[in-house]
Amino acid sequence: MTGSCQVVDVDDDEYAKLVRRMNPPRVVIDNDACDHATVIRVDSVNKHGILLEVVQVLTDLNLVITKAYISSDGSWFMDVFNVTDRDGNKIWDEEIISYIQKSLGSDACFFPKLRSSAGVMPSNEHTFVELTGTDRPGLLSEICAVLANSKCNVVKAELWTHNARVAAVVRVTDESTRRAVEDPEKLSMIKELLCNVLKGSRTASMTVSMGHTHTERRLHQMMFSNRDYERIGATQGDDKSWPQVAVMDCSEKDYSVVIMRSKDRPKLLFDTLCTLTDMQYVVHHGTVDTGEEEAYQEYYIRHVDGHPISSEAERQRVIDCLEAAIERRATEGLELVLRTEDRIGLLSDITRIFRENGLTITRAEISTEDGKAFDTFFLSEMSGNPVEAKTIDSISRQLGHMIVRLKQNPLLASKSPEVAGAAGFLFGNLFKASFQSFWLVGSSYS
């Protein structure tokens, strides 16, 4: 079967375009088929990346995918998703249902807009600053100080750290115009100053553009390019039982089987599919199932060239990259949610307080809307330990009324359950049960 399934590219010949026009995507949204979730079925012509694009639409609506059944047969693609809102309820909102239909149905499923979302789309509203490099305490504070001193206002930003690497996408406006920074001299100065902040990082990269990107998709690409899956200081003897990723051969069908077990959290499916897509693998069949705390994902994959994983080195790289994809968005340490009136330099002041209290930012989500700033930070001591009570008291006094929520999340490493070996447990037990349910449930929608 190797090479027998061709994945249609969006930029292909006229015949393939005709096939798509004659077979537009079909979207069925059903609130009666399941007691606890809305069932969304998507059928369409297959192309590389379409699974990720569909999941991206659902994820951007803050929907939770509790189960998924994936199958592609030749040039055709079929997915079934069980989804809820963040509160665990079915989707009844007609606006959301209509948006899903319009986004995934008809020719919109070939998404010129969504395909570009991992690249750059022109924008006059914001200037986009992308930074990657080696993480260190106080880095975001220094970046914010540079932007504030350059008379730039941070409108939205997201920062991820993982395995001593950092990636950030920051949207800024010119203080004088409230629009994108257009002055070439000012842009050049910002680039020079930010390069100085990143100086000394061997893997540092910084770009300034007048274009829109899908932030989370871009962060995955940036972290992957920065090789955050290469563990610094890790040894073969490290006890690492959470998350679990196993990669095995399915020689009868010429697939590689990827099975993952991890703590469940929002956007988990999107994160793992981003990495498989960036690594140029195609998911031909799969199933996803989430419980109260744990999530299971099983995928039958081949490389885009039609071949399964062919070496131990490739197998290990897939494991390392998927573990990194799961860990990047993990919520650990002190979660601090702030809401206050927005002003120039606000973010610089907040991050300076963190730095002065000996805290490092492990992840951050920053946005402004209607003159209000909404910021979420995940913080730890510079040693990597949870934040001490006296430090929490100090930042609480300094930030005062800005604080909406302050919560100490246990580190994932301290919550790892006692489990059996990855290959034996995952493949021996999960594979049989969930693959049978995949075909039974999937076939009921055919």
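**Note on the predicted model**

1. A164 lies in the loop that joins β7 to β8. In this predicted model, A164 has a positive phi of about 70°, although A164 is not a glycine. Most residues other than glycine have a negative phi. With a relative accessible area of 37%, A164 is partly exposed.

2. The loop between β7 (152-162) and β8 (165-174) also holds N163. Phi of N163 is likewise positive, near 55°, and N163 is a residue other than glycine. Is N163 buried or exposed? N163 is buried, with a relative accessible area of 19%; the cut-off for a buried residue is under 20%.

3. Another positive phi is found just after helix α5, where K151 takes a value of about 60°. Helix α5 itself spans residues 139-149, and eight of its eleven residues are buried, so α5 is largely enclosed by the rest of the structure. The buried residues of α5 are L139, L140, S141, I143, C144, V146, L147 and A148.

4. Two packed helices are described by the angle between their axes and the distance between the axes. For helix α2 (residues 50-60) and helix α8 (residues 268-278), the angle is about 155° and the axes are 10 Å apart. As angles over 145 degrees count as roughly antiparallel, α2 is therefore roughly antiparallel to α8. The crossing of these two helices, α2 and α8, is left-handed.

5. Which residues of α2 and α8 make the contact? From α2 come L51, L52, V55, Q56 and T59, and from α8 come L269, F270, L273, C274 and T277. Sorted by class, the residues in the contact of α2 with α8 are seven nonpolar and three polar, with no charged residues. An α-helix has 3.6 residues a turn, so residues three or four places apart point the same way.

6. The second pair consists of helix α10 (residues 346-356) and helix α11 (residues 389-399), which pack at an angle of about 155° with their axes 10 Å apart. It follows that α10 and α11 are roughly antiparallel to each other. Here α10 passes α11 in a right-handed crossing. On the α10 side the contact involves I350, I353 and F354, which meet I395, Q398 and L399 of α11. Five of the residues in the contact of α10 with α11 are nonpolar and one is polar, and none is charged.

7. Turning to the chain as a whole, the protein chain contains 13 helices and 18 strands. Of its 446 residues, 52% are buried. Among contacts between residues at least 6 apart in sequence, 74% join residues at least 24 apart.

8. Confidence should be read alongside these points. The average pLDDT of the protein chain is 82, and 78% of the residues score at least 70. Over residues 1-11 the pLDDT stays under 50, and the model has 30 contacts beyond four places in sequence for this stretch. The pLDDT is also below 50 over residues 108-120, a stretch with 40 contacts in the model beyond near neighbours in sequence.

Conventions: Residues are numbered from 1 along each chain as its sequence is written. This is a predicted model: local features need pLDDT of at least 70, side-chain atom pairs count only at pLDDT 80 or more; totals for chains, interfaces and linings use all residues. Side-chain values use heavy atoms; hydrogens and water are left out. Axes are lines fitted to C-alpha atoms, for helices over the stretch in contact, and angles run from 0 to 180 degrees between N-to-C directions. Helices (H or I, at least four residues) and strands (E, at least two) are DSSP runs, numbered from the N terminus. Angles under 35 degrees count as roughly parallel, over 145 as roughly antiparallel, 65 to 115 as roughly perpendicular and the rest as oblique. A crossing is left-handed if the near helix is turned anticlockwise from the far one by less than a right angle, and right-handed if clockwise. Contact means heavy atoms within 4.5 Å. Ala, Val, Leu, Ile, Met, Phe, Trp, Tyr, Cys and Pro count as nonpolar, Asp, Glu, Lys and Arg as charged, and the others, Gly among them, as polar. pLDDT is the predictor's confidence in each residue, from 0 to 100. Buried means under 20% relative accessible area, exposed over 50%, partly exposed in between (1.4 Å probe, protein chains only).
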